[in-house]
Amino acid sequence: MSVFKRILVLMLVVITASCQEKKETKVFTEADIAIIPKPVDLQLAQGVFEFNDDTQFVISEASQKEIVSILSDKFKSAAGWTLKISEKAPKSNYIEFISDDSLNDEAYELVVNSDKVTIKAKTYSGFLYGLETIRQLLPVEIESKEVLNQTDWVIPNLIIKDEPRFKWRGLHLDVSRHFFEKSYIKETIDMLAMHKMNVFHFHLVDDQGWRIEIKKYPKLTEIGAFRNDQEDAHWDGRRVTTPEDEATYGGFYTQEDIKEIVAYAKSKGVQVVPEIEMPAHVMSAIAAYPELSCFETPIGVPSGGVWPITEIYCAGKESTFEFLENVLLEVMELFPSEYIHVGGDEATKTNWAKCPHCQKRMKDEGLANVEELQSYFIKRMERFISSHDRKLIGWDEILEGGLAPEATVMSWRGVAGGLEAAEQGHDVVMTPGSHMYFDHYQGPQNLEPLAWGGYTPLSKVYEFDPVVETMTPEQAKHVLGGQANVWSEQIKTEEHSQYMIFPRLAALSEAVWSPKASRNWDDFSKRILSQFKRYDYLDVNYAKSAFLVMEDVKIDMETKEVSVELKNEFTDADIRYSLNDEKLTDKATKYTQPIKIDKTTTIHASLFKDDKPVGVQFSKTIAFHKAVGKKVTFKEIYDERYQGEGEFGLVNTLRGTKNFQDGHWQAWLAKGMEAVVDLGEEMPIHEVILGTLENQGPGIYFPTAVKVYVSNDGKTYKEVGVEKRPFAKNPSFDLKDFKITFDEQSVRYVKVVAESMKTLPTGGDVWLFVDEIVIN
């Protein structure tokens, strides 16, 4: 080879090496770091650490292999590498676990430089959280289940010092109302660890199903774990079951299943807290063993909602406490948890007031009322649980009648129970329904799957703080942390459950981990976008509700002008809109102020990111019609509880949503609606539409028929059309327009009659909800 060729080859090698080095050296800024929950302290440095197939993990004890597997399994799937684990550090290119007893229990320190990565921690959980942070520093493609050859597996050089603000960072999952398989429980625990959450509250017992095998009492699962399948009806519209009903819906976890779940959770730094309800929410147990109740009446396992809950454990019989102690002995053998949750909520004590056993107990113990009897019940169970070196925790109703000395309170009815407990020197876990009930809607009801009610969007969860501002420093010390609750009355599938949990769990994780002063919604709303990409790779069915455009519509009845305000959860959201047939592109009008409309118009809108629409497109038609602003008279006026917008409520273009409390609905109880619209003069019409709502749980039903009559003198009417709809079971919430069309004719008065069932065959009055009478 000539000298010239040798020089040329050498130059090509140098240039190639230089290009590779340039490709590998990514410059990170703080905006590139999207760790959730946000670390306590992060100092970014220059340079990167690059993972490759020679990277090693250096551990100091065997248990750390379990932690390493979280990341090594990711690299095997996404990069095709099998990374080695050793006990001795090589010269460079390794991640080392170093024990440091000076750190707090769940704290970790992460130091990344170009040669190595070190994680210092005192405990298993600290090392795990350090590794989860590395996972979030890596490109989101690390979550891929397929090998990706073009990804640079680099993380920035930095120093992170991090630890949680609260020791209790929990998620509650109700598996009684609807049963979820063991595999889903483990998947949920995986996600808890990813978000540095450490408590899985396992709601194993409720009226509608007993979900844990108790060997001493086999009927608890033989009978109590299964119920009559009425899934085709609304949760609160199901008939009362009997012991003779065929029971095919349900399931339970064997004791081997429980051991497997608990061991798996331990490997992820998660404590599983079992909930064994008492004295109420136990009809599944009473269906199996009627002698546990006051009057021993045989019952079936309920298939749906029960209120009030009167079939509860008898507090007067010694056999009740013998049963519960035997159950808890098996439970405590399966769950090493520091805490045993006993429920204690929503007990209607009318049977206790009549039961001779309970009355004798009250007399013998000097108890003034049934509230004190419940206190006796909980205190007695607390003594038993404490005698086995465990702690009792219960919902805030356990405060009633006096609280057991060592009991911990879970405050769900707002924060009042937590405040009271802390004032008395008891530990508290805050889980108020206003912020922590993940069975609530997280977006507009019309666009969301069925939920229990309420509105708890991502941003509201992020606002949550377990410490109440009015607490003294001493009271605040009793706040263990916070927890989200996922009640499953309306959640039938694992996919739906995931949708309700994520991404709200990410917002909660930051609320209970990060310093309050560092929390910032705008900053979080940028980082959550990276988390969404991880969810995509992980096949997590997360809600994209935060992207949804929402509207606030008002009308000026004097000018007949409608004002439409568009908004979104994200601050300074880039919302763009188009009207009618205009396409919604990046060139669409940027929303800056309410849109004024005086004729029938369809608005299309979306949140935009990087000039691209994000999430589900918003579309709404504001329909102007001949009845807008006209006089309406009723044969019987609507109920004072649901007056809509009043006088012009049914002729103002404003349509209701699936939220029957949105202020746009007028309603009649146990009667139909008869309304007459005076158009003011004769005019040609050919169509009448009546907007209605059905939500069978709270007793709202579609009309069984809508009839339309017309007149020119307001006295003599003729029928021009009818639409009938027989009653049908409906487990969902639905909107329906009853549309009656007819040959065009000139009229002044239009009478609309909506016929209602008035009462249900099972009892209870029926509501009729109407939002608009449209006349075209």
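**Figure 1. Lining of the second largest cavity.** Asp439, Leu450, Ala451, Trp452, Trp487, Glu489, Gln490, Ile491 and Met500 form the lining of the second largest cavity. The model shown here and in the other views is predicted. The volume of this second largest cavity is about 30 Å³. By class, its lining comprises 6 nonpolar, 1 polar and 2 charged residues. Among the lining residues are two tryptophans, Trp452 and Trp487. The structure holds 2 cavities of 30 Å³ or more; the other is presented in Figure 2.

**Figure 2. Lining of the largest cavity.** The largest cavity has a volume of about 40 Å³. Around this cavity lie Glu694, Tyr701, Phe702, Pro703, Thr704, Arg725, Phe727, Ala728 and Met757. The lining of the largest cavity is made up of 6 nonpolar, 1 polar and 2 charged residues. Glu694 and Arg725 are the charged members of this lining, and Thr704 is the polar one.

**Figure 3. Packing of helix H4 on helix H6.** Two packed helices are described by the angle between their axes and the distance between the axes. Helix H4 spans residues 182–194 and helix H6 spans residues 255–267; their axes come within 10 Å and cross at roughly 15°. Because angles under 35 degrees count as roughly parallel, H4 is roughly parallel to H6. The crossing of these two helices, H4 and H6, is right-handed. On the H4 side, the contact is formed by Lys182, Ile185, Lys186, Ile189 and Asp190, which meet Asp257, Glu260, Ile261, Tyr264 and Ala265 of H6. Sorted by class, the contact of H4 with H6 contains 5 nonpolar and 5 charged residues, with no polar residue.

**Figure 4. Packing of helix H8 on helix H11.** Helix H8 (residues 318–334) packs with helix H11 (residues 370–386) at an angle of about 40°, and their axes are 11 Å apart. H8 and H11 are therefore oblique to each other. The crossing of H8 and H11 is right-handed. From H8, the residues Glu318, Thr320, Phe321, Leu324, Glu325, Leu328, Leu329 and Met332 take part in the contact; from H11, their partners are Tyr376, Phe377, Arg380, Met381, Phe384 and Ile385. This contact of H8 with H11 has 10 nonpolar, 1 polar and 3 charged residues.

**Figure 5. Cis peptide bond between Ile36 and Pro37**. Ile36 and Pro37 are joined by a cis peptide bond, for which omega is about 0°. Pro37 is placed in the loop that runs between helix H1 (3–24) and strand S1 (41–50).

**Figure 6. Cis peptide bond between Phe502 and Pro503**. The peptide bond joining Phe502 and Pro503 is cis, with omega of about 10°. Pro503 belongs to the loop between helix H16 (494–501) and helix H17 (504–513).

**Figure 7. Positive phi at Asp539**. Although Asp539 is not a glycine, its phi is positive, at about 60°. Asp539 is located in the loop between helix H18 (521–537) and strand S20 (550–556).

Methods. Residues numbered from 1 in each chain as written. Predicted model: local features only at pLDDT ≥ 70, side-chain atom pairs only at ≥ 80, totals over all residues. Heavy atoms only, no water. 1 Å grid on protein atoms, 1.4 Å probe; cavity = no way out; pocket = protein on both sides within 12 Å on 5 of 7 lines; lining within 4 Å. Points joined across faces, edges and corners; volume = space filled by probe spheres on them. Axes fitted to C-alpha atoms, helices over the stretch in contact; angles between N-to-C directions. Helix = DSSP H or I, 4+ residues; strand = E, 2+ residues; numbered from the N terminus. Parallel < 35°, antiparallel > 145°, perpendicular 65-115°, else oblique. Left-handed = near helix turned anticlockwise from the far one by under 90°. Contact = heavy atoms within 4.5 Å.
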